[in-house]
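Subject: Structure handover and notes

Hello,

Please find the structure below, followed by notes on what was found in it.

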Amino acid sequence: MPIIQTKIPYTPELSKNRKTGFARGHYFTRKPHKDAIESLRQIIWGLSQGKKWKKDKVWLEIYFQKDRMNSDVANYVDACADAVKEAIGVDDRYFSI
């Protein structure tokens, strides 16, 4: 089973609370959120090169250290799982967090 470990700086843009915006009567995905997800995806993808991932259980250990108490860490887990899913090509229904 492949193992990847990395550290990324805390950014509030990864929170699902910052995922969408509303303008002119429509919801949209905000560019800073998309960019943060893409950045994390590229980090994971780069670290996973040459590793073979099965469509089987994938264990994620995620530790957050944030600099303020006004955000909820649970809102970051979904964004991180989405980035990992795209990077390794395994659907997040196989994830155990």
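A residue is called buried when its relative accessible area is under 20%, exposed when that area is over 50%, and partly exposed in between (1.4 Å probe, protein chains only). The model is predicted, so local features need pLDDT of at least 70 and side-chain atom pairs count only at pLDDT 80 or more, while totals for chains, interfaces and linings use all residues. Residues are numbered from 1 along each chain as its sequence is written, and side-chain values use heavy atoms, with hydrogens and water left out.

Overall layout

The protein chain has 2 helices and 4 strands, in the order β-β-α-β-α-β from the N terminus on. Helices (H or I, at least four residues) and strands (E, at least two) are DSSP runs, numbered from the N terminus. Along the principal axes, the C-alpha atoms of the protein chain fill a box of roughly 45 × 30 × 20 Å. Of the 97 residues in the protein chain, 29% are buried. Among contacts (heavy atoms within 4.5 Å) with a separation of 6 or more, 64% join residues 24 or more positions apart.

S15

S15 sits in the segment before β1. Is S15 buried or exposed? S15 has a relative accessible area of 4%, so it counts as buried. Leaving aside residues up to four places away in sequence, S15 touches H33, N75 and Y76. The side chain of S15 also reaches the backbone nitrogen of N17 at 3.0 Å. That is a polar contact: a pair of N or O atoms within 3.5 Å, where within protein one must be able to donate a hydrogen and the other to accept it, and residues adjacent in sequence count only if both atoms are side-chain atoms.

The hairpin

β1 (residues 20-23) and β2 pair in the antiparallel sense over 4 bridges; two strands pair if DSSP finds at least two bridges between them. The bridge partner of F22 is Y27 in β2. The hairpin has 2 residues between the strands, and R24 takes a positive phi near 50 degrees there.

Helix α1

Helix α1 covers residues 31-47, and its 17 residues should span 24 Å at 1.5 Å a residue. The expected span is 1.5 Å times one less than the number of residues. The end C-alpha atoms of α1 are 24 Å apart, which agrees. In α1, the buried residues are H33, A36, I37, L40, R41 and I44. They cover an arc of only 135 degrees around the axis, so they lie on the same side of α1; the arc is that of the directions from the helix axis to the C-beta atoms. The cover over the buried residues of α1 includes β2 (26-29) and α2 (74-88).

The core

A nonpolar core is a set of buried Ala, Val, Leu, Ile, Met, Phe, Trp, Tyr and Cys residues joined through side-chain atoms within 4.5 Å. The largest one has 17 residues, of which L14, I88 and F95 touch the most other members. α1 and α2 each supply at least two residues of this core, and α2 gives the most, with 8 residues. Not counting residues up to four places away in sequence, I88 touches I44, S48, W53, V58 and F95.

Y94

Y94 lies in the loop between α2 and β4 (95-96). At 25% relative accessibility, Y94 counts as partly exposed. Y94 touches K55, D56, K57 and V58, again not counting residues up to four places away in sequence. Y94 and W59 are 35 residues apart in sequence and 8.5 Å apart in space, C-alpha to C-alpha.

Regards
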